[in-house]
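Good morning. Please bring up the model on your screens, and I will walk through it one group of residues at a time.

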Amino acid sequence: MLEAWLKFDLAARLVWHGGQDVYGGGKRDVATLYEYWVFFQLLDLVKLEFNLDIPSVDELIETTKDGFGLKLRSGKKLEVEGNYASATRPLRVRFSYNRTFVRHGNENDSTSYPYPGSWTRRMRPDYTFSFWPEALTEAQAERQELIVHIHFDAKYRVDNIEGLFGADTDDEVNEEKSAQRNNGTYKRADLLKMHAYRDAIRRTQGAYILYPGTEDYRWNGFHEVLPSIGAFSLRPGDENEGVQHIHSFLKDVLDHLSDRVSRREKQSFHTFMIQEKPSAYALKANIPETEGTRRALPPDEHHIVVCGFTDLDQFETITRTHTYYLKCSELDGEFQINPYVFFAKHILLLGFSDEKAQGLWKVTAPKPKFVVGSKLEGRPDSDGMYLAIEIEKDERFDHLSWDRARMCVSEGEFEPRVMTLADLMHSQNETS
């Protein structure tokens with residue numbers, strides 16, 4: 001009896017200002033009530049999968065002069081934090097209701113990168129899950145492209161996918177254009193809003209609608225669970241249909257975030273590297289687009305060994321054997337070589353006294369081998385260790401010529417160096 005009385009007394013003291021959005025003035029706003037209901041469904045999933053820093057009830061209840069207040073209110077931010085205790089990659093997680101993503105950084109700049117938030121205008125999804133490695137602060141994770149946001153919006157007014165997103169036909173697109181011109185409304189607005197969240201809020205990898213339907217749909221960016229956009233059905237009732245599907249999706253996301261070699265992980269790393277050190281110059285050049293059937297490397301990742309030959313006999317041996325022997329430097333009895341030589345795609349050959357060289361030689365063997373100098377053809381007096389690099393003339397670069405002086409290579413200097421194709425071509429545009 002005491003327990004029943006305490007519950008009754010506590011309920012009588014509870015003040016919920018958010019209830020005015022649903023029942024105020026005699027109205028019954030079912031869409032807003034559905035939004036609140038979805039919050040508690042997602043919060044239950046958070047409690048299942050994550051260790052919360054503090055009990056969630058402490059986050060939801062506050063003391064007021066009228067008694068106890070429920071903080072939940074449409075348009076008002078509410079957040080719960082915790083961690084995911086994974087043996088392979090421990091994560092921090094934040095579940096947010098009504099979090100607003102704003103533009104940060106210098107407003108006079110054309111870009112706000114690498115700051116968090118939206119890179120254009122304010123965005124406020126209904127619910128946001130943010131994940132980042134536990135070893136980093138949230139700010140560090142944002143700047144290093146190691147945080148992932150996924151967003152959910154609650155939509156009560158439709159109960160099927162076509163009613164939500166429209167049909168994927170030309171007629172649907174024409175109707176959409178007409179609706180935009182006539183009254184500013186159209187079926188696919190919710191889908192486009194998911195695209196807006198995905199593209200405008202930095203480090204967002206997923207955006208989904210929750211609606212009381214029966215179908216789930218997800219478009220994947222790659223062949224992984226993230227990045228993606230779509231919709232999940234979530235229906236109030238005895239079984240709360242759809243909760244299990246969202247729970248399964250959330251577990252897939254956690255499994256995906258633990259994978260250190262996923263496509264998304266690689267993409268985020270290269271985004272970080274590219275933005276951290278932007279190119280110091282522009283390169284507009286007529287160079288091959290492909291390497292065989294695959295896209296060619298970017299010029300600033302395309303390594304070239306700049307080396308030379310001493311006389312015509314050596315050049316004829318190189319062209320006949322399709323092999324260049326790169327001598328390893330020796331220091332204190334140890335042979336050394338620039339490690340980037342092993343990643344080189346081409347070789348640039350400079351003659352002993354030539355002011356210019358034409359074209360490039362393609363490296364054909366993926367694994368160069370070491371050769372003792374005394375075994376080199378036609379060079380019995382050679383000593384030391386050499387790296388044998390198999391090459392062939394690459395006619396695709398025959399239209400390019402290279403000026404020795406602009407590469408700052410003196411006449412008779414044959415100390416090999418490794419340059420990127422971008423730096424090599426940029427040097428030719430500089431005055432000597």
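Predicted model: local features only at pLDDT ≥ 70, side-chain atom pairs only at ≥ 80, totals over all residues.

A strand, as I use the word here, is a DSSP run of E with at least two residues, and strands are numbered from the N terminus. With that in hand, find tyrosine 217, which is in strand β10, residues 217-220.

Tyrosine 217 is partly exposed, because its relative accessibility is 40%. Now look across to phenylalanine 232.

Let me step back to the whole chain for a moment. The chain holds 12 helices and 24 strands. Of its 432 residues, 41% count as buried. Take the contacts in the chain with a separation of 6 or more: residues 24 or more positions apart account for 63% of them. The accessible surface is about 24,900 Å², and carbon and sulfur atoms own 49% of that.

Next, aromatic rings. Two rings pair if their centres lie within 6.5 Å, and by this rule there are 21 aromatic pairs. I will show two of them. In one, the ring centres of tyrosine 34 and tyrosine 156 are 5.4 Å apart and the planes are at 55°, so the pair is tilted. Where do these two tyrosines sit in the chain? Tyrosine 34 is in helix α3, residues 30-49, while tyrosine 156 is in the loop between β8 and α6; the two are 122 residues apart, so this pair links distant parts of the chain. Buried or exposed, which is tyrosine 34? Tyrosine 34 is buried, at 3% relative accessibility. Tyrosine 156, on the other hand, is partly exposed, with 36%.

The other pair brings back phenylalanine 232. Its partner is phenylalanine 249, and this pair is tilted too, with 4.9 Å from centre to centre and 45° between the planes. Phenylalanine 232 is buried at 4% relative accessible area, and phenylalanine 249 is buried at 3%.

The charged end of arginine 143 sits over the ring of tyrosine 115, 4.9 Å from the ring centre.

Now to charges that meet each other. Side chains of opposite charge can pair when their charged atoms come close. How many salt bridges does the model have? The count is 20.

Arginine 92 and aspartate 53 meet at 2.7 Å, N to O. Arginine 92 lies in strand β6 and aspartate 53 in the loop between β2 and α4, so the bridge ties together parts that are 39 residues apart in sequence. Arginine 92 is buried, at 15%, whereas aspartate 53 is partly exposed, at 46%.

Aspartate 153 bridges to lysine 193, with the closest N and O atoms 3.6 Å apart. Aspartate 153 is in strand β8 and lysine 193 in helix α8, residues 189-200, 40 residues apart. Aspartate 153 is buried at 1% relative accessibility; lysine 193 is partly exposed at 33%.

Arginine 263 and glutamate 224 form a bridge with the closest N and O atoms 3.7 Å apart. Arginine 263 is in helix α10, and glutamate 224 is in the loop between β10 and β11. Here arginine 263 is partly exposed, at 43%, and glutamate 224 is buried, at 13%. Some bridges share partners: Asp53, Lys77, Glu79, Glu81, Arg92, Arg94, Arg99 and Glu138 are joined this way into one network.

Last, the surface and strand β21. Tyr340, Phe342, Phe343 and Phe370 make up a nonpolar surface patch, with about 440 Å² of accessible area together. Phenylalanine 370 is in strand β21 and is partly exposed, at 46% relative accessible area. Valine 372 is also found in strand β21, residues 369-372, and is partly exposed at 40%. Which residues does valine 372 contact, leaving aside neighbours within four places in sequence? They are Gly384 and Met385. The C-alpha atoms of valine 372 and tyrosine 386 are 6.2 Å apart, with the two residues 14 apart along the chain.

That is the end of the tour.

Definitions and conventions:
Residues numbered from 1 in each chain as written. Heavy atoms only, no water. Phe/Tyr/Trp six-rings, centres within 6.5 Å; stacked < 30°, edge-to-face > 60°. Helix = DSSP H or I, 4+ residues; strand = E, 2+ residues; numbered from the N terminus. Buried < 20%, exposed > 50% of the residue type's maximum accessible area, 1.4 Å probe, protein only. Lys NZ or Arg CZ within 6 Å of the ring centre and 35° of its normal. Contact = heavy atoms within 4.5 Å. Areas by Shrake-Rupley, 256 points an atom, 1.4 Å probe, with all protein chains shown as cover. Patch = residues over 30% accessible without salt bridge, like charges linked within 9 Å, V, L, I, M, F, W, Y side chains within 5 Å. Salt bridge = Lys/Arg side-chain N within 4 Å of Asp/Glu carboxyl O.
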